[in-house]
Amino acid sequence: MISQCRNLNKTIQRLSSSNSINTFRFRYFSTAIPKVTNKKLKVTIKNKDKLDIPPSNFVNNSSNSNNKKNNNNNTNNNTSNGSSLKINYVGGEVEKKTISPTQSTSSSSTSISPELSTSPSSGTSFNNNSNNNNFSSNENNSTFVSSHYKVNEESMLSYLDRKKLVYKVIGKQIIVKECPFCHDTKGKFDNFWKLYISRETAAFFCHRCGCKGSWIDLKVNLGDLSLDHSNHKSIMKSSSNTTTTTSSSSSKTSTETEEPTISIADLKKMLNYSNELNNHPDVIKKLTGKEKGERGLSKEVLEFYKVGVTSQQFFFNDEWQEHKCITFPWTTLDKKGNVQVHRCKLRSTKEKSLQRIEPKGGKWGFFGWHTIPSDSKEIILTEGEYDAMAVYQETRIPTISLPNGANSLPIALLPLLERFEKIYLWMDDDVPGMEGAAKFSEKLGIQRTFIVSTKQNDPNGPKDANDALLAGKDLKAILSTAANIPHDQICDFSDVRSVIHNELKDPLSVIGKQSKWFPSFNKILKGHRKGELTIFSGPTGIGKTSVLSQLSLDFCSQGTRTLWGSFELKVPRLARKMLSQFSNCNLDKHVENYQEIADNFSNMPMYFLRFFGSTQVDKVIDAMEYAVYVQDVEHIVLDNLQFMLGGQAKGIERYEIMDDSIEKLRKFASQKNVHITLVIHPRKQDIDQVLNINDIFGTAKATQEADNVIILQNSKNNQRYLDIKKNRFSGDLGIIPLSFEKETNRFSESNEFDNNLNNNINNNNNINNNNSSNNNNLNNNNNNIN
């Protein structure tokens with residue numbers, strides 16, 4: 001018994017130590033953490049797994065008797081008065097409550113469940129039962145992951161195997177033999193099998209050391225996601241001052257970026273936008289009318305959602321123009337229930353594409369959040385603001401709009417949605433909208449998320465909720481047909497029937513994002529599509545990185561959220577190349593414009609991996625998975641495979657590692673529905689030799705798994721061109737002649753076509769055909785011999 005008391009005392013001292021790796025944060029303390037001494041520790045042992053420590057055992061206890069307080073004046077002088085703590089040590093979990101000086105020491109502590117208790121990995125979790133509509137910054141020191149989020153069990157077990165952690169699967173839990181965050185187990189059986197991981201959500205909790213958090217936090221604490229403010233960030237935002245991070249220490253979370261202080265003048269200005277609506281009858285007619293181009297919304301709903309009017313300047317058609325704008329505020333409620341506007345989306349009444357969010361920077365929010373009752377258990381999320389108002393107008397069910405449409409759902413907003421038991425996603429009934437719905441459904445939790453189909457299997461039906469309102473459809477009836485996403489491995493024809501029809505009716509919706517800088521890219525490959533793997537190759541020094549940088553900027557400027565991983569170039573050098581291409585100027589000659597260029601570039605959804613040189617593919621995939629979850633990344637560029645795997649193996653094992661990496665990347669692209677562009681260098685060839693698929697380094701697995709194979713070639717007259725060698729989507733192949741502008745690092749399609757290109761390509765094709773014929777003859781001869 002004495003031994004157990006001493007061990008417990010050591011455990012509490014370690015948890016209270018600020019120098020401990022697994023520091024236990026008592027956020028409920030108003031003063032310094034009290035120390036526990038052997039003399040003061042009095043423990044009643046009920047059983048070996050449950051230990052109760054009364055608050056009188058702590059040195060810092062202002063509510064002791066006067067005699068005891070007088071006897072301990074020296075001790076109390078070294079600690080802060082006014083706070084005491086009662087700890088219930090139940091099966092390794094530490095539960096706590098602040099006790100004020102006016103409270104009796106006999107007051108019992110309030111139990112705090114594992115979901116609400118603090119821990120070194122997760123800080124203070126969001127209260128699932130909270131009905132608070134007040135928006136506040138996420139105070140977690142970790143990446144928020146919804147308790148409804150499901151993690152693939154196969155990937156979980158694979159990760160534990162990779163970390164060489166012994167585990168067993170029992171019921172709904174994966175139980176790990178030795179918690180990697182605990183202090184030495186000393187080989188005692190009672191110290192084993194304390195780390196529990198949920199098979200559904202992958203949330204973990206150790207009943208010995210109290211460490212808990214999400215699956216992402218587990219990877220962070222095990223060193224596979226070093227996303228702190230040091231120089232070893234795995235993911236960095238395109239802005240030099242904004243980073244995406246997660247940490248188990250005191251660094252900011254990925255949801256907390258440095259937010260500029262919003263002036264009182266700006267707040268008052270945004271609040272006044274809604275008052276301006278009545279002064280613009282033309283805007284009211286546009287919003288309430290039911291003719292073409294009008295929205296059919298009631299004045300009551302517009303006022304309820306605080307829609308307003310202002311004017312704003314936009315650079316359009318090569319000049320600055322003043323535009324009247326409709327304003328959609330991102331709102332919250334303060335403690336007194338007053339509506340607060342912290343940001344506002346502005347959209348031109350003349351040109352739909354002209355819109356912006358003000359003030360610049362700041363935190364994310366929902367349009368209409370102030371309309372949600374504090375006790376509401378279900379909510380509707382729409383893709384656009386007009387859709388949200390249309391749905392609420394017809395159903396009277398609490399409805400809000402996503403800040404980025406179908407592009408992304410910022411994790412900073414997930415805690416606000418945690419309390420809802422049922423969430424309807426009413427996205428546009430087109431390919432991008434349904435892809436966004438599937439992605440957000442996984443983030444929010446598939447079981448509680450229901451997808452609304454506006455068209456109701458009618459190919460000529462309305463695309464979104466506002467169109468349905470104008471068409472006189474029954475929005476309540478449409479909402480009643482909402483359903484969960486079916487099992488990802490099981491479907492019937494009804495699940496794909498409307499998808500096929502949409503593709504036939506609107507081919508442009510499935511061919512992918514169109515390139516603005518390379519028109520021939522669209523003619524041959526048709527577009528840039530999610531869920532595909534592209535292999536990109538070419539001789540050393542020919543400009544592969546420059547071409548890919550420009551292509552990624554092309555798609556990123558159209559809203560494709562992009563993650564760049566260069567294992568050959570460090571981020572500053574790569575970003576400088578991108579800045580030149582983005583601004584179409586030589587930065588060395590336009591240093592005075594750098595800040596403006598950098599500001600514009602930082603608004604793009606471009607992120608970078610900080611890995612450099614040899615890196616295990618599993619670590620790269622961990623970072624990719626994080627970027628897809630947190631930033632909703634859709635395009636990932638990895639340059640290049642040889643540098644990434646360099647020095648990890650030799651001989652035949654090198655090829656095996658490459659094949660294994662390609663298989664994992666192929667699987668990731670399909671499962672996460674992202675496009676991965678992977679650079680693989682060719683085998684050593686003569687400088688003037690035209691490359692083909694067989695010249696790409698490694699086995700044939702890379703080109704077999706790929707959806708597209710593109711080689712950057714160089715003709716005898718030094719004209720570079722893109723050679724499309726494989727196109728699984730349409731089967732079209734061809735070449736795109738290029739010219740290079742050294743000043744800006746930009747490529748462009750060349751109008752001067754090298755006639756020798758066709759001859760080189762035809763000769764190369766003849767050689768390939770001859771090789772194929774020789775191989776067939778050899779096979780026939782072998783068959784005859786057999």
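Asp428 and Lys463 form a salt bridge through their side chains, with N and O 3.8 Å apart; the term stands for a side-chain nitrogen of Lys or Arg within 4 Å of a carboxyl oxygen of Asp or Glu. Asp428 sits in the loop between β19 (422-426) and α11 (431-444), and Lys463 in the loop between β20 (449-451) and α12 (465-470), so the pair ties together parts that are 35 residues apart in sequence. Asp428 counts as buried at 10% relative accessibility, whereas Lys463 is partly exposed at 33%. Buried means under 20% relative accessible area, exposed over 50%, and partly exposed in between, with a 1.4 Å probe and protein chains only.

This is a predicted model, in which local features need pLDDT of at least 70 and side-chain atom pairs count only at pLDDT 80 or more, while totals for chains, interfaces and linings use all residues. Residues are numbered from 1 along each chain as its sequence is written, and side-chain values use heavy atoms, with hydrogens and water left out.

## Other salt bridges

The structure holds 30 salt bridges. In one of them, Glu625 pairs with Lys672, the closest N and O atoms being 3.9 Å apart. Glu625 is in helix α19 (residues 617-631) and Lys672 in helix α21, 47 residues apart. Helices (H or I, at least four residues) and strands (E, at least two) are DSSP runs, numbered from the N terminus. Both residues also belong to a network of salt bridges that links Arg162, Lys219, Asp618, Asp622, Glu625, Asp660, Lys664 and Lys672.

Which residues of α18 (594-602) are buried? They are Ile597, Ala598, Phe601 and Ser602. These residues cover an arc of only 130° around the axis, which puts them on the same side of α18; the arc is taken from the directions from the helix axis to the C-beta atoms. On the other side, Gln595 and Glu596 are exposed.

## Cavities

There are three cavities of 30 Å³ or more. On a 1 Å grid over the protein atoms alone, a cavity is a set of points where a 1.4 Å probe fits but cannot get out, and lining residues have an atom within 4 Å of a point. Points are joined across faces, edges and corners, and a volume is the space filled by probe spheres set on them.

The largest cavity holds about 140 Å³. Of its 18 lining residues, Phe521, His528, Thr534, Leu551 and Thr677 are the closest to its centre. Helix α16 supplies the largest share of this lining, four residues.

Note on methods
On a 1 Å grid over the protein atoms alone, a cavity is a set of points where a 1.4 Å probe fits but cannot get out, and a pocket is an open set with protein on both sides within 12 Å along at least five of seven lines; lining residues have an atom within 4 Å of a point.
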